[in-house]
Structures are given as C-alpha cells and as structure tokens.
Amino acid sequence: MAAAAALAVVVGGVGSLWSKGREQREAARGAIRRNVRRAGTTVAKAELSDLRVHTAVVEVPYLPRAAKEREVAEHLQARLPVLIVGPSMVGKTRLAAAVVAQELPDAPLLLPEGPTALVDLDKAGVLPRDHVIWLDDLDRFLARGGVTAEMVRLLRQSNWLVATLRAHEWARFQPTDQLRPREWDVLSAFKRVLLDRDRDRPDGDDLRRAIPDQDIRDRINRTGIGEYVGAAQYVQDRLTMGEHDNPCGHALVLGASDWSRAGLTRPVPATVLPRLAQPHLTTRRRSELEDRDKYRDALDWATCEINPTVSLLEPTDAGYQLYDYALDQLATTQRAIPLETWQLIVDEVDIEELLSVGYQAVVNHNVPSVAEQVFRKAADAGNTMAMYNLGVLLERRGDADGAETWWRKAADAGNTNAMNNLGALLERRGDADGAETWYRKAADAGNTNAMNNLGALLERRGDADGAETWYRKAADAGNTNAMNNLGALLERRGDADGAETWYRKAADADHIDAMVNLGVLLGERGDADGVEAWWRKAADAGNTDAMVNFGVLLGERGDADGAETWWRKAADAGHTLAMVNLGVLLERRGDADGAETWYRKAADAGITNAMNNLGVLLERRGDADGAETWYRKAADADHVDAMVNLAVLLDERGDADGAETWYRKAADAGITNAMVNLGVLLGERGDADGAETWYRKAADADHTKAMHNLGALLERRGDADGAEAWWRKAADAGDIAAMNNLGVLLERRGDADGAEAWWRKAADAGNTNAMVNLGLLLGERGDADGVETWYRKAADADHVDAMVNLGVLLERRGDADGAETWYRKAADAGNTKAMNNLGVLLGERGDADGVEAWWRKAADAGNTDAINNFGVLLERRGDADGAETWYRKAADAGNTNAMNNLGVLLERRGDADGAETWWRKAADAGHPPAMPSHLRPRQRRS
C-alpha cells in the first residue's frame with residue numbers, strides 16, 4: 001500500500017539548540033539511534049522477537065482468525081490507529097504482524113525503544129512519515145513522559161499505528177462517570193479490536209491441517225493456542241507452587257504484581273522490590289530478605305527461566321518487570337494490595353505517577369482513603385488533575401465544600417473538567433448564574449461535557465436555541481451525551497429526522513440512553529424491527545429502561561414469556577416499573593402470590609401504581625383492611641385511581657362521609673369516574689343539585705355514564721327534553737344503556753319508530769333490557785316471530801323478565817313444555833312472577849304439590865298474585881281461615897283480586913258489611929264488580 005520512507009527531520013522553529021542545521025541533523029540521528037530499534041526494516045522482514053511476539057516453546061504454524069484480521073485490515077486501510085485488546089498469550093501481536101505484513105509489506109517499521117522514545121523523537125524534531133509505528137503492550141508507553149493522545153492524533157495523520165494491550169490493562173484504565181485516568185485519553189484515540197480466547201479460536205480445519213496430532217489439538221482446544229505454544233501451564237504451575245518452593249521468591253513476584261496493579265507501568269526499581277515483598281511474608285521470613293545470600297536465592301528463583309524464553313520476573317536496565325501472563329494470572333486471583341504497600345508506593349513515585357496510583361486505588365481497589373492521600377499530595381504540589389480528582393472524592397463522601405474548594409483551585413488554574421464540575425455543583429445548589437459562568441468558561445475552552453451541560457441549563461431556562469447551539473458543538477466534537485440531548489431537543493421541536501440522525505450517531509457510539517430513545521422514535525414511526533433491534537441492544541448492555549420497554553414490546557406481540565424474562569431482569573436490578581409490570585403479568589396468569597410479591601416490593605419503594613394495584617389484589621382476596629391501607633398510602637401520595645378505589649371501598653363499608661371526601665379529591669383532580677360516583681353518592685343522600693353538578697362536569701368532559709345518569713336525573717325532575725338531549729349524546733357515543741332509555745322516552749312520546757331504532761341498536765350491542773323492550777313493541781305491532789326472537793336472545797343472556805315473557809308467549813301458543821322450561825329458569829333465578837305463573841301452569845297440569853310449592857315460594861317472597869292464589873288454593877281445600885289470612889295479606893298490599901276474593905269469602909260467612917267494605921276498595925281501585933258465584937284464581941301473567 002505504501003512505498004518505503006525514512007524518518008523525516010523537521011528543521012527550524014524548535015529553539016536555540018537547533019540554530020545550526022548540521023547540529024540539528026546530527027542530534028536527530030542520535031535521537032533515532034537511541035530511541036528506535038531496527039530502523040528501516042519492515043514488518044515482513046522483522047523477526048517475531050523484534051515485534052515482541054512470545055517465543056514459542058512448541059513450533060506451530062500461524063493460524064489465521066479471518067474475522068479479526070479483516071477488522072484490523074479495514075482500520076489500517078482507513079489509516080486509523082488500531083489497538084488489539086485481549087488476554088495475554090491469546091495471539092494479539094502475532095495476528096497484528098500477519099495483517100500488517102499482508103497489507104503493508106513494504107512500509108518501514110518504527111519500533112520505539114522505550115516508553116519515552118516517541119516523545120524524545122518529537123523533541124528532536126523527528127517526524128515519522130509513512131511508517132508502521134509498532135506499540136506492542138501499549139501500557140509500556142503510557143508511563144510518565146510517554147505517549148499522549150495528542151501525539152497519537154499527530155502521528156496518525158501520516159503513519160499507521162498498531163498497538164496491543166492485555167485485557168486486564170484495558171479494564172484497569174476504564175473511566176468512571178467523573179474520574180478518568182490520563183491513559184484513557186490515549187486508549188480512546190485508537191480503534192479497538194477485541195480478541196477473545198474462546199470466541200476467536202482458529203478455524204477447526206486450519207487447526208487440523210497445521211497440527212495433525214489429535215492429542216496436541218485437544219490440548220490446544222483446552223488451553224488455547226497461545227497458551228499452548230507459550231508454555232502458559234508452566235507459568236501457572238510456577239506461581240501455584242512458588243509459595244511452598246521458595247516463599248521469598250514468590251513474595252518478590254507478588255510485590256512486583258502489587259506495583260503494576262497499583263497503576264505503575266515502569267519496571268520495579270531494584271531497591272524497592274524487596275520492600276514490596278515484605279507484606280507477603282511472615283515476620284521470620286522478612287528477615288531473609290536482608291540476608292544477601294537468601295535474597296539472591298529468592299531473586300534467582302523469581303528470575304530464572306521457566307522455559308528458554310520466559311521467567312516470572314524479567315530483569316531490565318531500570319529494574320524488574322513482571323511477565324505479562326503472570327501478571328494477568330495474579331490480577332485475577334491475588335488478594336488486596338496491603339496498605340503498607342500503598343504507602344511505600346506513594347512515597348516512591350513522582351507526581352505524574354501519583355495520578356495513576358490514586359485512580360487505581362479508588363476505582364479498581366476500593367481504597368478511597370489511599371486515593372485521597374495520593375491526590376492531596378499531588379494537588380498540594382500544584383497538579384490540577386489531582387485537584388480535580390480530589391474534589392470528586394470529597395463530593396462522593398459528602399464534603400461538598402471541600403470539593404468546591406479544590407475544583408475552584410483547579411478551575412482557576414485552567415482545568416476545564418473542574419470548571420464543569422464546579423458548574424454542576426453550583427447548579428445543584430440553585431446557583432444557576434454561577435453554574436452558567438463556569439460552564440461557559442469550560443465550554444469556550446473546548447470541554448464538551450461543559451458544552452452539553454450548558455445546553456441542558458439553557459434548555460431548562462427556556463432558551464432552546466442556545467441549548468441547540470451548544471449541544472451541536474459538543475455533538476460535532478463527538479460527545480455522545482450531547483448527541484442524545486440534541487436528538488431529544490429536535491424531537492420535541494418536531495424534527496423527527498434530525499432527532500433520528502443524532503440518536504443513531506450516539507447509539508452507534510454505544511450510548512445506551514440514545515439506543516432507548518431511538519427505539520421509542522422508531523416505534524412512533526412504525527419501524528418495529530428497528531425498535532426491537534435497539535431496545536434489545538440496550539437491554540443486553542444492562543439498561544433497565546430498555547429491558548422494560550423491550551418487555552412491553554414482546555408483550556404486545558403476544559410473547560408473554562419473553563416479556564416476563566426481561567421484566568424479571570429489570571426488576572431484579574431494582575427497576576420499580578418492571579416490578580409493577582411483572583406483578584400485572586403474573587396476576588393475569590393467575591399467580592396472585594407472585595404478583596403480590598412484586599407489587600409489595602415496588603410499593604415499599606414508594607411506587608403509587610404498585611400501592612394501588614396491591615390494594616386491588618388484596619381486596620379481591622377479601623383482605624379489605626389491607627386493601628384500605630395501601631389505597632390510603634397511594635391516595636395520600638396523590639394517586640387519583642387509588643382515591644377512587646378507596647372511596648368505593650369506604651362506600652361499600654358504609655362510610656359515606658369518607659367515600660365522599662375521597663371522591664371529591666379525585667373529582668377535583670379531574671377524574672371523571674370520581675365525578676360520576678360522587679354524583680351517585682350525593683343523589684342517594686338526597687342532594688339532587690349536587691349530583692347534577694358533578695354529572696354535568698363529567699358529561700361535559702365526554703363521560704358517557706355521566707351523560708346517562710344526568711339524563712335519568714333530568715327525567716325524574718320532569719325535564720324530558722334535557723333527558724333526551726343527554727341520552728342522545730351518550731347514545732351517539734355508544735352508551736347502550738342510554739340507547740335503551742332513549743327508546744323508552746321516545747315510545748312514551750309516541751315515537752314508536754324512533755324507539756324501535758334505538759332499541760335495535762342497543763339490542764344489537766347486547767343490551768338485554770332493550771331486547772325485552774323491543775320484543776314488547778314488536779308484540780304490540782303483531783310481529784310474533786320478532787317478539788320470540790328478541791325474548792329468546794335476552795333470555796339466553798340470562799334476562800329473567802325475558803324468560804318470564806317468553807314463557808307466557810310459549811304458553812299462549814300451546815307450548816306448555818317450553819313455557820315450563822323458561823318459567824323454571826326464571827323462578828330458579830328468584831323471579832316471583834315466574835314462580836306464580838309456574839304454579840298456575842302446574843295446576844292446569846294437575847301437579848298439586850308443584851302448585852303449592854311454587855305459590856308458597858312466591859308468596860313468601862311477597863308476590864301478591866301468588867299470595868292471592870295461595871288463598872284460593874286453601875279455600876278450595878276447605879281451609880277458610882287460612883284462605884282469609886292470605887287474602888288479607890294480598891289485599892292489604894293492594895291486590896284487587898284478593899280484595900274481591902276476600903269480599904266473596906266474607907259474604908259466604910255472613911259478614912255482609914265486611915264483604916261490602918272490600919268490594920268497595922276493589923272497585924275504587926278499578927276492579928270490575930265482583931261475581932261471587934265464580935270463585936277462581938286470577939292468573940296474572942306478565
């Protein structure tokens with residue numbers, strides 16, 4: 001891809017030292033000799049050992065990993081710095097060498113000799129062009145005076161940067177929400193390629209062709225190709241047995257591990273190594289470190305070759321370096337770094353290194369006291385990043401004043417992160433003007449987090465244009481929070497395309513909230529596949545909001561099991577909405593215990609929806625006290641549905657005053673159901689005006705039940721026009737009860753056609769009262785088939801009056817069996833008319849016992865026709881006294897047949913005055929003149 005090129009020497013503009021061209025060139029050549037190994041060679045010609053590939057103790061041909069090789073090649077083709085990250089001995093360097101040799105076979109190779117090599121070349125005015133800059137184990141170059149992010153950006157313009165880094169080191173340098181190690185700025189300038197020990201194994205066919213021996217292949221599959229050829233098992237065995245074989249030598253290795261794990265990348269100085277080992281030894285063993293011969297023996301054990309290429313501790317000019325594979329193993333298994341080791345390191349390192357030590361202490365080892373000591377030491381020495389970090393630690397432990405002090409010092413010294421944090425602190429304290437001042441200073445100095453925060457502050461203040469300006473600046477500079485915020489702002493402004501663009505940019509850069517927002521936006525646009533893709537990605541990344549949303553999506557698609565899975569994950573992670581959703585799902589599935597468990601968890605966390613749902617569940621289970629408790633908690637927290645539920649419960653318990661109180665609160669909050677219920681309650685209490693007021697409010701808010709009730713109230717008041725108006729509104733809105741009532745009103749007004757139309761609509765919608773009314777109307781019109789049809793529909797829907805009417809209709813048609821069937825159904829449902837009619841029918845069929853049984857039931861239930869008929873039955877049996885008793889009951893209740901029959905009985909007994917009295921009452925009530933010679937039961941059927 002590129003022709004060979006030499007290191008360029010930049011002349012001029014670098015100070016008086018380079019005032020003469022010849023002197024400058026000679027100095028540059030000297031810098032190259034000191035800082036570059038194998039100058040001029042290419043990757044294809046370089047020895048693997050020059051590239052720092054672990055020398056194999058077992059010769060195995062290179063085995064390609066096609067997918068990862070393509071990924072690295074694409075970055076090189078785009079001249080992007082590439083960083084291959086993976087465990088030690090996974091084959092990172094070997095893969096990089098293979099790809100570079102393929103893609104850039106003739107490009108000259110620059111192998112920096114030490115951590116400061118590139119910096120020294122830069123100082124000497126040496127600018128590499130068209131070189132492959134090889135940075136194996138990139139952490140070696142991140143030590144004091146080493147590679148900076150700015151240097152990476154400068155070198156990438158005309159070179160190819162290839163670096164590797166062990167996964168443990170990558171994890172060590174990860175930033176937190178506020179603390180960011182300076183090493184991260186360098187790492188983030190590279191395009192990362194992850195090489196996983198398990199997922200990125202060589203292809204099976206390639207392995208078989210390269211290694212015919214099945215036993216060797218099996219061992220490689222168990223341990224990994226890099227570990228097998230690099231004799232990793234020998235290293236592990238040495239570490240495992242060292243504590244017993246040579247305790248002092250093993251302690252030297254552990255001490256060197258502490259040094260690296262504390263954040264130091266340079267070799268351990270020889271004078272420091274035995275002091276690092278002491279905390280890992282007993283008191284008796286510590287003295288051996290002071291014995292020259294015993295110490296030499298321990299050092300020999302730690303530095304002796306495990307195989308021809310590897311030792312645990314590797315001597316260097318500057319001290320001792322722990323073998324990287326051993327460091328990875330110890331970092332995984334070793335216990336906490338001893339406090340005395342931390343103190344030793346703090347005393348030994350310089351100010352720049354203190355920053356790395358402090359970061360590792362607080363982030364990866366959870367010893368904030370050490371971190372605070374470290375940062376104070378560096379801050380007192382004037383290091384602004386330490387001042388900033390110290391402020392972060394102080395704020396975390398609640399010392400806001402201390403944090404402000406150090407952030408002001410750092411901010412005054414030009415640290416933009418401190419300016420940004422100071423602004424955030426002031427904003428939380430309510431000092432928006434002070435916050436804006438510091439945000440602007442940091443933003444003007446290029447701090448993208450401050451730009452984003454300034455945008456958010458301006459947006460909260462109503463300055464959307466200003467907010468957009470700063471969001472765009474930060475977003476254009478790569479700040480993903482700003483991209484997400486800009487997307488949200490544009491979406492609120494109606495610019496869905498712009499919002500999607502920025503959400504996608506942020507989501508593509510792994511911004512989880514942007515993934516969630518993008519999913520929501522795509523859902524509104526009907527892109528179901530896009531919604532699922534982004535919510536699943538965010539959920540897989542641990543975002544609980546995405547888990548909840550994804551669960552909702554799956555639930556809407558009918559995948560209840562999938563919904564439950566994601567809601568459980570989110571609920572287990574403490575997401576309260578997921579707890580509520582999970583409770584609802586479990587309750588629908590019949591798992592009331594599971595539902596109660598999750599409702600309680602969310603309710604205990606203060607979620608009012610959960611409190612209300614828990615109240616409903618407990619009420620269904622018969623625990624009215626428990627239901628009331630949770631309804632009250634939710635209602636007291638202004639949950640309006642809980643107010644309504646509490647009012648209903650109190651009303652059912654007879655506490656009308658309490659019910660009215662909560663109905664009024666919910667109604668005042670605009671809940672139309674509460675307005676309707678309050679109207680019903682006031683109506684029952686005789687306050688018709690109050691009822692009308694609340695019905696009207698709810699009806700004006702389009703509540704159809706309120707319209708219906710208002711119509712009924714107006715009708716009772718004699719305002720038929722008002723009733724018709726509201727019933728029509730409710731009927732037009734689909735309220736079938738209003739349709740039926742409107743039909744009744746129209747019939748009374750003589751509009752039979754209008755009545756029929758509305759009854760048919762209501763009947764077709766399933767209203768059984770309308771079916772019965774329609775049947776009656778059709779009967780008056782002579783449509784017997786229509787009558788039967790609608791009575792049957794209503795009867796089949798368990799309308800008991802329809803059952804009675806259908807029975808009467810069938811009896812008149814001579815279908816006694818059909819009539820008996822429907823009378824019995826209605827009678828079994830408690831209808832006394834049906835009981836009476838059934839008695840009459842059974843009497844005609846000669847079933848005296850059945851007659852007596854059903855008339856007695858109807859009589860006991862207060863049916864006056866049955867009471868009268870039962871008197872007739874007794875009189876026929878010769879029980880005149882019993883007959884008189886039952887006649888009097890029915891007559892006193894207003895039954896004119898009974899009055900007439902009682903008069904007949906009294907006349908027969910010689911009580912002419914009594915007979916005349918009851919006949920007059922019957923006549924006054926409209927009963928035709930009595931005919932004493934025809935004593936028979938009046939068979940009233942309706």
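## Strands, a loop and ring contacts

G446 lies in the loop between α23 (432-444) and α24 (448-460). Helices here are DSSP runs of H or I with at least four residues, strands are runs of E with at least two, and both are numbered from the N terminus. The model is predicted, so local features need pLDDT of at least 70 and side-chain atom pairs count only at pLDDT 80 or more, while totals for chains, interfaces and linings use all residues. Residues are numbered from 1 along each chain as its sequence is written, and side-chain values use heavy atoms, with hydrogens and water left out.

G446 is partly exposed, with a relative accessible area of 44%. Buried means under 20% relative accessible area, exposed means over 50%, and partly exposed is in between (1.4 Å probe, protein chains only). The C-alpha atoms of G446 and A474 are 8.6 Å apart, although 28 residues separate them along the chain.

**Strands**

How many residues of strand β3 (residues 82-86) are buried? Five of the five are, so β3 is largely enclosed by the rest of the structure. Both faces are covered: V82, I84 and G86 are buried on one side, L83 and V85 on the other.

Two strands pair if DSSP finds at least two bridges between them. β3 has parallel pairings with β7 (residues 160-166) and with β8 (residues 191-194). L83 stands opposite A163 in β7, and I84 stands opposite V193 in β8. A hairpin joins β11 to β12 through two residues. There L313 stands opposite L322 in β12.

| Strands | Sense | Bridges |
|---|---|---|
| β3 and β7 | parallel | five |
| β3 and β8 | parallel | four |
| β11 and β12 | antiparallel | four |

**Rings**

Rings of Phe, Tyr and Trp (its six-membered ring) pair if their centres lie within 6.5 Å; planes under 30 degrees apart count as stacked, over 60 as edge-to-face and the rest as tilted. The count comes to three aromatic pairs. In one of them, the centres of F550 and W566 are 5.7 Å apart and the planes meet at 65°, so the pair is edge-to-face. F550 is in helix α30 (residues 544-556) and W566 in helix α31 (residues 560-572), 16 residues apart. Both residues, F550 and W566, are buried.

F870 and W886 also form an edge-to-face pair, at 5.1 Å centre to centre and 90° between the planes. F870 and W886 are both buried.

A charge sits over a ring if NZ of Lys or CZ of Arg is within 6 Å of the ring centre and within 35 degrees of the ring normal. K761 lies over the face of W758, 4.5 Å from the ring centre. The charged end of K793 sits over the ring of W790, 4.4 Å from its centre.
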